[in-house]
Amino acid sequence: MSFLGVLMILLGADLVLLLAPEVGILNSGFYIPDIYTWPALIAGIALLVTGFRHLYKKP
């Protein structure tokens, strides 16, 4: 388990939870345009996938 993999998983999960369009935590209190939320969601999912691939990589 590498520190970078875990960091990517945490960062990706934060991006998804905070900036998901229409349902994110920050969108419930503030209006954030879709031009910022969709790329953040895609980047968060990409970080999650990359982090989990590094986490479960065979030695």
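Student: Where is T37 placed?

Tutor: T37 sits in helix α3, which runs over residues 34–55. A helix here is a DSSP run of H or I with at least four residues, a strand is a run of E with at least two, and both are numbered from the N terminus. Keep in mind that this is a predicted model: local features need pLDDT of at least 70, side-chain atom pairs count only at pLDDT 80 or more, and totals for chains, interfaces and linings use all residues. Residues are numbered from 1 along each chain as its sequence is written, and side-chain values use heavy atoms, leaving out hydrogens and water.

Student: What makes T37 count as buried?

Tutor: Let's check the cut-offs. Buried means under 20% relative accessible area, exposed means over 50%, and partly exposed is in between, using a 1.4 Å probe and protein chains only. T37 has 1% relative accessibility, so it counts as buried.

Student: Which residues does T37 touch?

Tutor: Skipping residues up to four places away in sequence, T37 touches L19, P21, N27 and I32. Contact means heavy atoms within 4.5 Å.

Student: Why is N27 called buried?

Tutor: N27 belongs to helix α2. Its relative accessible area is 18%, so it falls on the buried side of the cut-off. With neighbours within four places in sequence set aside, N27 is in contact with L18, L19, A20, P21, E22, I32 and T37.

Student: And E22, is it buried or exposed?

Tutor: E22 lies in the loop between α1 and α2. At 70% relative accessible area, it is called exposed because that value is over the cut-off. The phi of E22 is also worth a look: it is near 70 degrees, a positive value in a residue other than glycine. Most residues other than glycine have a negative phi.

Student: How do you know that the buried residues of α3 line one face of the helix?

Tutor: Start with who they are: T37, A40, L41, G44 and G51 are buried in α3. Seen down the helix axis, they fall within an arc of 105 degrees, so they line one face of α3. The arc is that of the directions from the helix axis to the C-beta atoms. These buried residues pack against α1 and α2, while the face turned away from them carries the exposed residues I35, I42 and R53.

Student: What makes I42 exposed?

Tutor: Its relative accessible area is 58%, so I42 is exposed. I42 is 14 residues from Y56 in sequence, and their C-alpha atoms are 21 Å apart in space.

Student: How do you know that the span of α3 agrees with what it should be?

Tutor: The expected span of a helix is 1.5 Å times one less than its number of residues. For the 22 residues of α3 that should be 32 Å, and the end C-alpha atoms are 31 Å apart, so the two agree. Helix α1 has 17 residues and should span 24 Å; its end C-alpha atoms are 24 Å apart, which agrees too.

Student: Which residues of α1 are buried?

Tutor: They are G5, M8, I9, G12 and L19. They cover an arc of only 145 degrees around the axis, so they are on the same side of α1. The buried residues of α1 pack against α2 and α3, and F3, L10 and L17 are exposed on the other side.

Student: Which residues form the nonpolar patch on the surface?

Tutor: L17, L18, I25, L26 and F30, with about 480 Å² of accessible area together. The elements giving two or more residues to the patch are α1 (3–19) and α2 (25–29). Patches are made of residues with over 30% relative accessible area and no salt bridge, with nonpolar side chains (Val, Leu, Ile, Met, Phe, Trp, Tyr) joined within 5 Å and like charges within 9 Å. A salt bridge is a side-chain nitrogen of Lys or Arg within 4 Å of a carboxyl oxygen of Asp or Glu, and accessible areas come from the Shrake-Rupley method with a 1.4 Å probe, where for residues only the protein chains shown count as cover.
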